[in-house]
Amino acid sequence: MRLKGKVSLITGSTRGLGKEFAVGFAKEGSDVIIHGRDKEKAKAVAKEVEGLGIRAMGVSGDVSVSRDVERMVEEVIQSFGRIDILVNNAGVNPFILEAEKIGEEGWDQVLGVNLKGVFLCCQAVGRRMIGQGGGKIINIASAAGILGEQGFLPYCVSKAGVIMLTRVLAYEWSRYNILVNAIAPGIVAGGMNTPILKKEPLVSGLASQIPLKRLAKPEEIVRIALFLASEDSSYINGTTLLADGGMSGYRPAGFIDLVAEMMKKKGG
Ligand SMILES: NC(=O)c1ccc[n+]([C@@H]2O[C@H](COP(=O)([O-])OP(=O)(O)OC[C@H]3O[C@@H](n4cnc5c(N)ncnc54)[C@H](OP(=O)(O)O)[C@@H]3O)[C@@H](O)[C@H]2O)c1
């Protein structure tokens, strides 16, 4: 019960990783606020999670719209009085397109939800955290914000932005006892990847590129969030924890041979 007595707002928790965070946090004793764009869905998940013996509430709003964010945060404050932990999880990755084919609307959608949305939620909740004497913020970035992936330009840029936002906010808000960290998961077997999980040879092809030879289990990402939300991480601030199964060390097959060849030519 590492989060007993805490109030956690988890954006985008009607399904996928967000719902897993909500269940994981509730099992550790935290009251949880379930959020998505659809209020009925959020309320239904809140009811489910309440079965774990904590208080839950469903709120709705588009994270890329400041008045929605302000309204939902105020609703939470009216009901719970405070927010101890904010998990900025809501995110989208709606298309795979070469850079030259990306439309303005697509760019705005991805950056709007994934980056502006994180900023707006941090700001609205951060103002309350400043007033209440502190809190913890966990931003869900992605390994794609560190490594870069072909066909995912706006997604990669948005997640790289989240990593930088995390650093600067941590620096600025240390004085208010607000700790801000991020998680950068690699490929997770769940959430937005659910539609492809039964597609072979795609999944085994993806897994073969990862040193651990498998996708991440959602609960492995939840455990990192629990660590960052708990007192166990009391001196970690401004960091992005990369959980990619070792993928960041990956180079395409033949790369090492090419390097060896070049070294030989140079006499190295
Ligand atoms: N799955 C992965 O492999 C993976 C890897 C690295 C990082 N991530 C990150 O992890 C987070 C969760 O991903 P997921 O795979 O669980 O995705 P998901 O299953 O598609 O869930 C996304 C959640 O975000 C909400 N959402 C989407 N747009 C929103 C908006 N404009 N305003 C408010 N809520 C919105 C959705 O709720 P409604 O549709 O009900 O509004 C839903 O609850 C994302 O930030 C993603 O980038 C995922």
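1. Starting with burial: 49% of the 268 residues in the chain are buried, where buried means under 20% relative accessible area with a 1.4 Å probe, protein chains only. Keep in mind that this is a predicted model, where local features need pLDDT of at least 70, side-chain atom pairs count only at pLDDT 80 or more, and totals for chains, interfaces and linings use all residues. Residues are numbered from 1 along each chain as its sequence is written, and side-chain values use heavy atoms, with hydrogens and water left out.

2. On overall size, a compact globule of 268 residues would have a radius of gyration near 18 Å, and the chain agrees because it has 19 Å. That radius is taken over C-alpha atoms, and the globule rule is 2.2 Å times the number of residues to the power 0.38. The C-alpha trace spans about 70 × 40 × 40 Å along its principal axes.

3. Now the contacts (heavy atoms within 4.5 Å). Of those with a separation of 6 or more, 71% are between residues 24 or more positions apart.

4. The chain has nine helices and seven strands; these are DSSP runs numbered from the N terminus, helices being H or I of at least four residues and strands E of at least two.

5. Have a look at strand β4 (residues 85–88). Ile85 and Val87 point one way, Leu86 and Asn88 the other, and all are buried. In general, side chains in a regular strand alternate between the two faces of the sheet.

6. β4 has parallel partners, pairing being called when DSSP finds at least two bridges between two strands. Strand β1 (residues 7–10) is joined to β4 by three bridges, with Ile10 opposite Val87. Strand β5 (residues 135–140) pairs with β4 over four bridges, and there Asn139 is the bridge partner of Asn88.

How values were computed: Buried means under 20% relative accessible area, exposed over 50%, partly exposed in between (1.4 Å probe, protein chains only).
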